[in-house]
Amino acid sequence: MTDPLRNLPAGIGRVLFTEAALRQRVNELGAQISRDYIGLDPLVVGVLKGVMFFMSDLLRAITVPVSVDFMAISRYQSGSGAKGPVRLTKDLEDPVEGRHVLFIEDVIDTGLTLSYLLRNLRVRDPLSLEVCALFDKPQQRIAQIPLRYRGFELPDRFVVGYGLDYREAYRHLPYVAEL
């Protein structure tokens, strides 16, 4: 078996979280969520695409029944690469009203996009709405986010891997590293 950290792809710097560290923390979060949601049948919601690796591993670590749904957003103006206003490109298929909703996020930095999405969900009258983020960059925070479950705090660096990308590249890496 080869060591994936010996031959890092071009542009990859220091590895911050190994595959084993990610797996351990995701399993811990899954156990905590399972304890907190016994008998509640929560709706677990993620935003595509970055959350897919974390969310699928987290769902395997959760031992209580859950329903799963996804949203998709765009913050980029076509062709320019510049960030624009948040635009919902795929909405939930399942109703939120009267449900316990657990919002799964890969990384929270400024919190502005997540704040928009949480406001969007709150007006749909869920019984509860909690947030689980694998990575938190509190030094970047502009909007206050009620974070119930947190995996790791990230330094103020641009990172890739485990779903986090740079121009759609590096998502596939099983670890998180500086770019």
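**Burial and salt bridges in a predicted model**

Visitor: Is S34 buried or exposed?
Guide: This is a predicted model, where local features need pLDDT of at least 70, side-chain atom pairs count only at pLDDT 80 or more, and totals for chains, interfaces and linings use all residues. Residues are numbered from 1 along each chain as its sequence is written, and side-chain values use heavy atoms, without hydrogens and water. Buried means under 20% relative accessible area, exposed over 50%, partly exposed in between (1.4 Å probe, protein chains only). S34 has 5% relative accessibility, so it counts as buried.

Visitor: Where does S34 lie?
Guide: Helices are DSSP runs of H or I, at least four residues; strands are runs of E, at least two; both are numbered from the N terminus. S34 lies in helix 1 (residues 19-36).

Visitor: Which residue forms a salt bridge with D36?
Guide: A salt bridge puts a side-chain nitrogen of Lys or Arg within 4 Å of a carboxyl oxygen of Asp or Glu. Here the closest N and O atoms are 3.2 Å apart, and the partner of D36 is R148.

Visitor: Is D136 buried or exposed?
Guide: The side chain of D136 meets that of R141 in a salt bridge (2.2 Å, N to O). R141 is partly exposed at 22% relative accessibility. D136 has 4%, so it counts as buried.
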